[in-house]
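Please walk me through this protein model, from the confidence of the prediction to the packing of its helices and the charged pairs between its side chains.

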Amino acid sequence: ATLLALAVVSPSDDGGSVAMAEKQSHLVHLEEQYAQKQLTDKIVHAAALGCPADVKALAANIAARSSPSSLGTSKLVKSQQLAADCARKETYSTVLKQFQELHANITKAKDSRTKLNADLKSAQDDSYNKWLAAESTYRDSQSKMKTAEDAAKFARGELQKYSAAVDDANKHIQDNVAPLAHEKASLATQKQLIATISELVKALPTAASAESRAELLAEIGTDLKSLHGHAGSMSAQGQRQLAAFAHASAALDATTSNVDPATVEQALKILAEMTSTIDTRLSEIDSATSSAESELSTNQEHKKHWQIKVVEVSNLADEAAAAMRSADLQRSTLAGIYTVAQKAYEDEAAAFAVDKVQFETELKAISAVTAKISEVLGACSAPAKA
């Protein structure tokens, strides 16, 4: 406890606040003297450690006379200091050397602590910068992972879309295009029958006899009957044309003599129209089939593309996630290192702030002592006055 803390000053003391202030000032002065004595004792003990008793005593005497409380207090003190025992010059030199060595040691300790403080500050700053760079890398890896995940999600969506499109295209072909194959086969048969009937009708005007014409008409009737067998797969227009040709065929069959060329021409015209109708329908079937197959093929290509892409971007997403985890571990590690370095510096800086004042106070006191010893030695070395 300090002297000031141990002192008890009653507010009821006579003399009022002025007296109280004087007492407090006196106590503060006593406390300063006490602290100075402790400092003096400390530096004397350190400087004279291991020295003979006379050296210790002289060191204590000089240190006491060199303290701020004794320096310049009166001309008497100064004259006493100058009136040194020059016969003990060697002892003074020994004391001076001891204090100089102590000054050098404390200066070295101060410099070492100053360097330690600077090194810890540098270590803190370096670890902070490394952590900051790692944090930036982590944030960048986060962004890259988000981009990779979005790309993978998009690719999976595209694959799902084109997989559904392939399924729809296959179903369309199965439900709408595949049945057209039967119709197409029927149309091809119809077209062949119409071509045969056309040739038979063309031959009627040049038939050599009634018997030959009857044979041709019989063949036309047989083929016409076969053509009627396909009426269910004909369009409404085709059915009307078939009915018209059947009527024309009946007119040809009723002919008992030479066939009327106009009737033949009318029959051939109907047959030609039927062929044209069939060709139109065949073209429509081919177009529908080609379009459906093309759509299926396109969707299959897109599906294959996105199947490959899903694997690629999923791998990239996995790599990005791994990179982010690695960056997170690195930044966490460096954050720990920084925390330790920061604590070490802050603790050292706080202690050094106190110790620096102590170093400077001790060095100042030692410098005062060495200056006083040098003064004494200078007086001993000076020539005596006449």
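Helices here are DSSP runs of at least four residues, numbered from the N terminus, and in this sense Thr-370 lies in helix H8. The mean pLDDT of the protein is 83, with 81% of its residues reaching 70 or more. Among the elements, helix H5 has the highest mean pLDDT, 93, whereas helix H1, covering residues 3-6, has the lowest, 38. Over residues 1-12 the pLDDT stays under 50, and the model has 13 contacts for them beyond four places in sequence. Residues 70-82 also have a pLDDT below 50, and this stretch has 13 contacts in the model beyond near neighbours in sequence.

Helix H8 deserves a description of its own. It has 121 residues and spans 166 Å from its first C-alpha to its last, close to the 180 Å expected at 1.5 Å a residue. A kink of about 25° occurs in H8, centred on Ala-353. Thr-370, which also belongs to this helix, counts as buried because its relative accessibility is 15%, the limit for that class being under 20%. Leaving aside residues up to four places away in sequence, Thr-370 touches Leu-96, Phe-99 and Gln-100.

The nonpolar packing can be considered next. The largest nonpolar core has 28 residues, and those with the most contacts inside it are Val-201, Ile-220, Leu-227, Phe-245, Leu-252 and Met-274. Helices H5 (89-203), H6 (210-228), H7 and H8 (261-381) are the elements that give two or more residues to this core, and the largest share, 8 residues, comes from H8. Phe-245 shows how residues meet here, since not counting those up to four places away in sequence, this side of the list includes Ile-197, Val-201, Ile-220, Leu-224, Ala-267, Ile-270, Leu-271 and Met-274 as residues that Phe-245 touches. Apart from this core lies another, of 18 residues, among them Leu-102, Val-369, Ile-373 and Val-376.Helix H7 (residues 236-253) also holds Gln-237, which counts as partly exposed because its relative accessibility is 40%. Gln-237 and Glu-273 are 36 residues apart in sequence, and their C-alpha atoms are 9.8 Å apart in space.

Charged side chains form a further set of links, and the structure holds 21 salt bridges. One of them joins Glu-183 to Arg-281, with the closest N and O atoms 2.6 Å apart. This pair links distant parts of the chain, Glu-183 being in helix H5 and Arg-281 in helix H8, 98 residues apart. Glu-183 counts as buried because its relative accessibility is 17%, whereas Arg-281, at 28%, counts as partly exposed.

Other salt bridges lie within a single helix. Glu-135 and Arg-139 form one in which the closest N and O atoms are 2.8 Å apart, and because they are 4 residues apart in helix H5, about one helical turn separates them. Glu-135 counts as buried at 12% relative accessibility, while Arg-139 is partly exposed, with a relative accessible area of 44%. In helix H8, Glu-312 and Lys-309 are 3 residues apart, about one turn of the helix, and their side chains meet in a salt bridge of 3.7 Å, N to O. Glu-312 counts as partly exposed at 40% relative accessibility, and Lys-309 is partly exposed as well, with a relative accessible area of 30%. Finally, salt bridges that share partners join Glu-135, Arg-139, Asp-328 and Arg-331 into one network.

Notes: Residues numbered from 1 in each chain as written. Predicted model: local features only at pLDDT ≥ 70, side-chain atom pairs only at ≥ 80, totals over all residues. Heavy atoms only, no water. Buried < 20%, exposed > 50% of the residue type's maximum accessible area, 1.4 Å probe, protein only. Core = buried A, V, L, I, M, F, W, Y, C linked by side-chain atoms within 4.5 Å. Contact = heavy atoms within 4.5 Å. Expected span 1.5 Å × (residues − 1). Bend = angle between axes of the 7 residues up to and from the residue. pLDDT = per-residue confidence, 0-100. Salt bridge = Lys/Arg side-chain N within 4 Å of Asp/Glu carboxyl O.
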